[in-house]
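The sequence and structure come first, and the notes on the interface follow.

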Amino acid sequence: MEKQMEIKYDIMEVCLLAGKIMLQSGAETYRVEDTMMRIAASFGIKESHSYVTPTGIIFSIETSEPTKTKLIRISERTTDLKKVTVVNSISRRISSGELSIDKAYELLEEADAATMPFPFYIQILAAAIASGCFLIMFQGSWHDFLPAVVTGGIGFLSLIYFHKVVPIKFFAEFLASFTIGMLSFGFIWSGVGFELDKIIIGSVMPLVPGLLITNAVRDLMAGHLVSGLSKGAEAFLTAFAIGSGIAIVFTFV
C-alpha cells in the first residue's frame, strides 16, 4: 500500500509541475486543467480533479485509499508559448506510453528551468520593429516610422527595467507608457516626428496585454468564470495603467 501511495504521489507531482509551467507561461485555464487530468488518466488514475485560477492550482486524485490534495501558489506569470508547447508535447508522449513517471518529471523540470528562448536585445529589437509596423498599419506616415521604432524599443526596454526595479503590479506599465509619451513628444518638438498620436499608438502596442485579453475571453467561453473575470480585470488594469501614463503626458506637456 505504501508503494502504491508513493506512485500516486509521484503522479500528482508530475501533474502539478505540468500545470504550473503552463499557467506561468500564459496558457488558458481550461487547457491547464485538461492537461493535468489527461496526464493522470494516462498513468492509470481514473478519477482526478483540478481547480485552476490565475494565482493557484488545486489538484487531487480520487482513489479507494485516502489521498492528499495539493495546492500550489502561482505568484508570477509571463508569456512563453514555447514552454506551453513543450509541456503539451510531453503530455502527448505520456498519453502514448512513451514516458515513465520519472522521465516525464525530469523533462518537465528541464522545461521549468529553461530560460526565455530569446535574449533581451532580440525582444527589444522585435518590439521596436513591431512599433514601426503598427504605425504604418494605423495609417501613419513613413516619416514617423523611425521615431516609432526608437520610441517603441526604448519603451519596451523601460518596461523590462521597471518590472525588475519596481515590484508593484501595473506600475511598470504606467512608467513605460509615460516614457513613450515623453519620447514621442520630444520627437514632435524637435521636428523629427510629425503625427504625435500615430507615434504613441504604434509605440504602446507591444505593451498591450493582447494574450491576456484573448485568454480571458476563451476562459469565459469555456465556463471558467472566476479565471475569465480575473484575467479580464488584470487586462483592464494594465490597459488603464498604459492609458494613464499617456494621459499624464498630455496633461502636463
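In this predicted model, 14 residues of domain 1 are in contact with eleven residues of domain 2. Domain 1 covers residues 11–113 and domain 2 covers residues 120–250. Their C-alpha centres are 32 Å apart.

The size of an interface is often given as the accessible area lost when the parts come together. For domain 1 and domain 2 the buried area is about 950 Å², with 48% of it on carbon and sulfur atoms. On the side of domain 1, Glu28, Tyr30 and Pro54 supply 45% of the area buried against domain 2, more than any other three residues.

**Charged and polar pairs**

Side chains of opposite charge can pair when their charged atoms come close. Over the model the count comes to ten salt bridges, and between domain 1 and domain 2 it is two.

| Arg77 | Glu234 | 2.8 Å |

Polar contacts across the interface of domain 1 and domain 2 number eight residue pairs, with both residues of each pair at pLDDT 80 or more. On the side of domain 1 that touches domain 2, the elements giving two or more residues are helix H2 (29–42) and strand S1 (47–53). H2 gives the most to this side, with four residues. By class, the side of domain 1 that touches domain 2 is made up of six nonpolar, four polar and four charged residues.

**Confidence**

How does the chain score on average, and what part of it scores at least 70? The mean pLDDT of the chain is 88, and 94% of the residues score at least 70. Over residues 1–6 pLDDT stays under 50, and the model has five contacts beyond four places in sequence for this stretch. Where pLDDT is low, the predicted coordinates should not be read in detail.

Technical notes:
Residues are numbered from 1 along each chain as its sequence is written. Side-chain values use heavy atoms; hydrogens and water are left out. Domain bounds come from an automatic or database domain assignment. Contact means heavy atoms within 4.5 Å. Buried area is the accessible area (1.4 Å probe) that two parts lose on being put together, summed over both. A salt bridge is a side-chain nitrogen of Lys or Arg within 4 Å of a carboxyl oxygen of Asp or Glu. A polar contact is a pair of N or O atoms within 3.5 Å; within protein, one must be able to donate a hydrogen and the other to accept it, and residues adjacent in sequence count only if both atoms are side-chain atoms. Ala, Val, Leu, Ile, Met, Phe, Trp, Tyr, Cys and Pro count as nonpolar, Asp, Glu, Lys and Arg as charged, and the others, Gly among them, as polar. pLDDT is the predictor's confidence in each residue, from 0 to 100.
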